[in-house]
Amino acid sequence: MITRVQFARLDWITGEGSTAQTASIAHVRGKCTRVDIVISAVTGNPTVDVSFTDANGVAILPAFNALADGTHHVKLAESHKAVQDADFNPVPFCDDTLTVSVDPSADPGGAAQTLNVDVYLFLES
C-alpha cells in the first residue's frame with residue numbers, strides 16, 4: 001500500500017524576501033519511493049532548493065536544487081529504463097520526524113504574488 005504524506009504548504013508573498021522556511025512531519029513510517037514538489041508560477045521566476053533532514057539535523061534524502069517555478073516536479077527512487085535514472089535510493093522510515101527546508105532564490109516579484117511550495121512524500125508500507 002502506498003500512502004501520501006504532505007508537509008505544510010510554505011509560501012512567500014511579494015516583498016517578504018526569500019528566506020528559507022521549514023516544515024516538519026512526525027511519525028513518518030514506510031519506504032519513501034517518490035517525492036513531489038509543486039511550485040507555483042510567479043513573475044520573479046525564482047528557483048527553489050529543497051532539502052530534508054531527520055530529527056537530529058542529518059540529511060536523510062538528497063537535496064533537490066534549482067527547481068523551476070510553475071512546475072510539478074516528480075522525483076523517483078526507482079528507474080523503469082534500461083539506463084538507471086532514479087533521482088534517489090529508496091529510504092525506509094520507522095516513526096521518524098522529518099523536516100523539509102525550502103529556499104527560494106528570489107522574491108516572488110510582481111505585485112501581490114505568492115510563491116507556494118507543496119512537498120509530498122509517497123511511502124510504501
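Me: Starting with Arg34, is that one buried, partly exposed or exposed?
Reply: Arg34 counts as partly exposed, because its relative accessibility is 28%. For the cut-offs, buried means under 20% relative accessible area, exposed means over 50%, and partly exposed is in between (1.4 Å probe, protein chains only).

Me: What sort of model am I looking at?
Reply: This is a predicted model, where local features need pLDDT of at least 70, side-chain atom pairs count only at pLDDT 80 or more, and totals for chains, interfaces and linings use all residues. Residues are numbered from 1 along each chain as its sequence is written, and side-chain values use heavy atoms, with hydrogens and water left out.

Me: Back to Arg34. Which side chain does Arg34 meet in a salt bridge?
Reply: That would be Asp36, at 2.7 Å, N to O. A salt bridge here is a side-chain nitrogen of Lys or Arg within 4 Å of a carboxyl oxygen of Asp or Glu. Asp36 is buried, with a relative accessible area of 2%.

Me: Why would such side chains pair up?
Reply: Side chains of opposite charge can pair when their charged atoms come close.

Me: How many salt bridges does the structure hold?
Reply: Four. One of them joins the side chains of Arg29 and Asp95 at 3.1 Å, N to O. Arg29 lies in strand E3 and Asp95 in strand E7, so this pair ties together parts that are 66 residues apart in sequence. Strands (E, at least two residues) and helices (H or I, at least four) are DSSP runs, numbered from the N terminus.

Me: Which residue does Lys31 pair with?
Reply: Lys31 meets Glu124 in a salt bridge, 3.9 Å from N to O. Glu124 sits in strand E8 and Lys31 in strand E3, 93 residues apart, and the pair links distant parts of the chain. Glu124 is partly exposed at 27% relative accessible area, and Lys31 is partly exposed at 32%.

Me: New topic: how many residues are in the largest nonpolar core?
Reply: There are 29, and Val35 and Phe52 have the most contacts inside it. A nonpolar core means a set of buried Ala, Val, Leu, Ile, Met, Phe, Trp, Tyr and Cys residues joined through side-chain atoms within 4.5 Å. Strands E2 (10–13), E3 (21–39), E4 (48–53), E5 (59–67), E7 (91–104) and E8 (114–124) each supply at least two of the core's residues. E3 gives the most, with seven.

Me: What does Phe52 touch?
Reply: Not counting residues up to four places away in sequence, its contacts include Phe7, Val35, Ile60, Phe64, Val100 and Leu121. Contact means heavy atoms within 4.5 Å.

Me: Where is Asp69 found?
Reply: Asp69 is in the loop between E5 and strand E6 (71–76). At 13% relative accessibility, Asp69 counts as buried. The side chain of Asp69 reaches the backbone nitrogen of Val42 at 3.0 Å. Leaving aside neighbours within four places in sequence, Asp69 is in contact with residues including Ile39, Ser40 and Pro46.

Me: Last one: what is phi of Ala112?
Reply: Phi of Ala112 is near 55°, a positive value in a residue other than glycine. Ala112 is found in the loop between E7 and E8, and counts as exposed at 75% relative accessibility. Ala66 also has phi near 55°, and Ala66 lies in strand E5.

How values were computed. Polar contact = N/O pair within 3.5 Å; in protein donor to acceptor, adjacent residues only side chain to side chain.
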